[in-house]
Amino acid sequence: MDEASQVDLATGALALASAKNAVIVGDLKQLPNVIPEDQRKLSEAVFQSYRLPEGYNYADNSFLKSICTVIPDVPQTLLREHYRCHPEIIGFCNQPFYNNELIVLTNPKSDRQPLMVYRTAPGNHARNRVNQRQIDVITNEVFPNQGLNASDGSVGIVTPYRNQADELQRIFAGTTVKADTADKFQGQERSVMIFSTVDNEIGEFASDPNRLNVAVSRAV
């Protein structure tokens, strides 16, 4: 089972019921599966009624996290060799998220600066999880200044919020630019990724370590 941190507990249990042996692959440092609010409330009611062990809490555990909690001595192997992102990009993730345990084996494939920051002017630009100022900077500054191609499938835009992703996708309709949330981009990549934070003041949601790790590491 690949991307097991994105698999919900019930689906994972069904897969195990059909298996004599299981190899479960995933990353606890990335985002878990998303539980809709109605399912969360229902599962929490069932969980509390039967006083189940915490590791079986459907609302709070991905399948990967549940396995690691319920069977703490399960054999585990860290896949340390990294071959995808530019060394400076994965190096950013390696320090705070992986305790420098990753062995970076990628070679730079272009002379493009691997990490850049565009800071918008201070102000209350975010409305209903949409930041028009950031969208303007992306379209009017980032794309032309960096010579990005909106038609060759090389560029993606990742953001913490669905409203911003939908507005960006509307702006780039008719191109190959894909805009989506970090949750939906997990397991995917683009040669160049633009990360739109949206918030006027960065809060817990946008700066969640798992969300930040996924957002940054989508870029080659």
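User: Which residues lie nearest the centre of the second largest pocket?

Analyst: Val-25, Gly-26, Asp-27, Leu-78 and Leu-79 do, out of 39 lining residues. A pocket here is an open set of points on a 1 Å grid over the protein atoms alone, where a 1.4 Å probe fits, with protein on both sides within 12 Å along at least five of seven lines; lining residues have an atom within 4 Å of a point. Bear in mind that this is a predicted model, with local features needing pLDDT of at least 70, side-chain atom pairs 80 or more, and lining totals using all residues. Numbering runs from 1 along each chain, and side-chain values use heavy atoms, without hydrogens or water.

User: How do I read an aromatic pair, and how many are there?

Analyst: You describe two aromatic rings by the distance of the centres and the angle of the planes. Phe, Tyr or Trp (six-membered) rings pair with centres within 6.5 Å; under 30 degrees is stacked, over 60 edge-to-face, the rest tilted. This structure has two pairs. Phe-143 and Phe-172 are tilted, at 5.1 Å and 35 degrees. Tyr-161 and Phe-205 are stacked, at 5.2 Å and 20 degrees.

User: Is Phe-205 buried, partly exposed or exposed?

Analyst: Relative accessible area decides, using a 1.4 Å probe and protein chains only: under 20% is buried, over 50% exposed, in between partly exposed. Phe-205 is partly exposed at 38%, while Tyr-161 is buried at 7%.

User: What lies over the face of Phe-205?

Analyst: Arg-211 does, 3.8 Å from the ring centre.

Note on methods. Lys NZ or Arg CZ within 6 Å of the ring centre and 35° of its normal.
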